[in-house]
Amino acid sequence: MNEFSFHRAATLTQAVQAGAKSPTAQLGATVRFVAGGTNLVDLMKLHVERPEQVVDINGLPLNKVERLPNGSLRIGALVRNSDLAHDPNVLRDYAVLSQALLSGASPQLRNMATTGGNLLQRTRCVYFRDIAHECNKRDPGSGCAALEGYHRTLAILGTSDSCIATNPSDMNVALTALEATIHIQGVKGERTVPISEFYLLPGTTPNRETVLEAGDLITHVTLPAPIPGTRSVYLKLRDREAYEFALASAAVVATVKGGAISRVRVALGGVGTKPWRSMEAEQALEGKPISTATFRAAAEAALRDAKPRTGNAFKVELSKRCIVRALTLATTQA
C-alpha cells in the first residue's frame with residue numbers, strides 16, 4: 001500500500017472541498033472518500049487505487065433511513081447494508097432491496113459496507129485487480145486482457161471493444177428496478193441524478209464509470225413512494241450459496257391487476273457493464289397476462305442484444321431462466 005495522508009471531514013463542505021482537490025473522480029484520483037472501506041482498502045492494498053489523501057466521512061450525518069412526507073424513502077449514504085436490509089420500511093415496501101442486500105457479501109461485510117460505497121463498488125474482473133495485466137478501466141489505452149482471457153464471470157450486455165467488466169453490486173440492481181434517485185453534493189451545489197443516468201457505459205472510456213465529478217459526494221438516495229399492490233423479488237444465481245457474486249440476477253418490481261401485469265420494472269445483474277434495466281422486457285410484459293409464455297417472451301427480449309464471448313455464452317440462457325423465475329415469484333406471491 002502506498003503512503004497517503006488521512007483526514008476526517010467534520011462537515012459536508014469540508015469533505016467536498018477536500019475531494020475537489022483531486023483532478024478526477026475516477027480511478028487515479030488523488031483524493032478518495034472512505035466510509036466502510038470494504039472495497040477501497042482492498043484496492044489500495046493491491047495498488048489498483050493509489051490516492052494521496054483519504055478522507056474519512058463517517059462523522060457526517062448521513063446514516064439515517066427516513067420516510068418523507070410525500071411517501072418516498074430517504075436512505076443516507078452512510079447507512080450500513082445490514083441496517084438497510086432489516087429496516088421495517090424496506091422490508092414492508094421494498095422487499096427486492098432487502099433481498100438483494102442480504103444476498104451479497106457476508107454478514108461481517110454487510111455490517112461495514114455503506115449505501116454510498118455500494119453504489120460505487122468496483123468490478124471484480126481479475127485483470128482489473130491485477131496490475132500485471134492490461135486493463136483499460138485501470139490504465140486507459142493499455143488494452144483489455146479479458147477479451148481473449150478469462151471472462152466467464154464478465155458482461156454480455158453493454159460491452160465494448162475496450163471493456164467487458166461487470167458491475168458487481170446486488171444492491172444497485174434492486175435500486176435500478178426501484179427507480180432510485182441519487183442525491184449528490186458538489187462544489188457547484190446539490191444535484192439529483194436518476195440511477196438510470198448515474199452509470200456510464202464503457203465505450204472507449206471504461207475508466208469513467210459514473211457521472212460524478214471531482215469533489216462530488218453522494219449524500220443520500222431516495223426511493224419513490226410504494227405503489228399499492230406492487231410485489232418485488234430479487235433472484236440471484238451464483239456458483240455457491242454464500243459470499244459469491246452473481247453469474248446472473250434479476251430484480252422485478254411488478255403491479256398485477258386482474259391477472260395481468262399493469263406495471264413492471266426489470267433490472268439485471270451479473271450480466272451488464274452497469275446495473276442493467278431491461279426496458280425491452282418491460283415492454284413485452286406490461287398489459288400482458290401472467291403466464292410462462294409471457295415471461296419467456298420478456299426474457300428473450302431482454303437478452304436479444306447480448307454479446308457473449310466463448311467463456312460466458314452460458315449466461316444468455318441462464319439470464320433468461322433467471323428472469324422467468326423472478327417474474328413467476330413476483331407475480332404469484334400471496
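The model is predicted. The chain holds 12 helices and 12 strands. Its radius of gyration is 19 Å, close to the 20 Å that the globule rule gives for 334 residues, so the chain is as compact as a globular protein of that length.

**Overall dimensions and burial**

- The C-alpha trace spans about 60 × 50 × 35 Å along the principal axes of the chain.
- Of the 334 residues, 54% count as buried.
- The accessible surface of the chain comes to about 14,700 Å², and carbon and sulfur atoms contribute 51% of that area.
- Among contacts with a separation of 6 or more, 63% are between residues 24 or more positions apart.

**The five-stranded sheet**

- Five strands make up an open sheet, in the order β4-β5-β8-β6-β7, and their pairing is antiparallel.
- The edges of this sheet are β4 (65-67) and β7 (189-194), each of which pairs on one side only.
- On average, neighbouring strands of the sheet are turned by 25° against each other, direction ignored.
- Within the sheet, β6 (residues 181-186) and β8 (residues 217-223) are joined in the antiparallel sense by five bridges.
- I184 has I218 in β8 as its bridge partner.

**Helix α1 and its cover**

- Helix α1 (residues 12-19) lies across β6 and β8, and its direction is at about 120° to that of β8.
- Four residues of α1 are buried, namely A15, V16, A18 and G19.
- As background, an α-helix has 3.6 residues a turn, so residues three or four places apart point the same way.
- The cover over the buried residues of α1 includes β6 and β8, together with β2 (31-34) and β3 (53-56).

**Parallel pairing around β3**

- Strand β3 pairs with β1 (residues 5-8) through four bridges, and these two strands run parallel.
- In the pairing of β1 with β3, R8 stands opposite D56.
- Strand β2 is also joined to β3 by four bridges, again with the strands running parallel.
- Opposite R32 stands V54 of β3.
- Both faces of β3 are covered: Q53 and V55 are buried on one side, and V54 and D56 are buried on the other.

- Two bridges join β11 (residues 260-269) to β12 in the antiparallel sense.
- A267 stands opposite R277 of β12.

How values were computed:
Residues are numbered from 1 along each chain as its sequence is written. This is a predicted model: local features need pLDDT of at least 70, side-chain atom pairs count only at pLDDT 80 or more; totals for chains, interfaces and linings use all residues. Side-chain values use heavy atoms; hydrogens and water are left out. Two strands pair if DSSP finds at least two bridges between them. Axes are lines fitted to C-alpha atoms, for helices over the stretch in contact, and angles run from 0 to 180 degrees between N-to-C directions. Contact means heavy atoms within 4.5 Å. The radius of gyration is taken over C-alpha atoms; the globule rule is 2.2 Å times the number of residues to the power 0.38. Buried means under 20% relative accessible area, exposed over 50%, partly exposed in between (1.4 Å probe, protein chains only). Accessible areas come from the Shrake-Rupley method with a 1.4 Å probe; for residues, only the protein chains shown count as cover.
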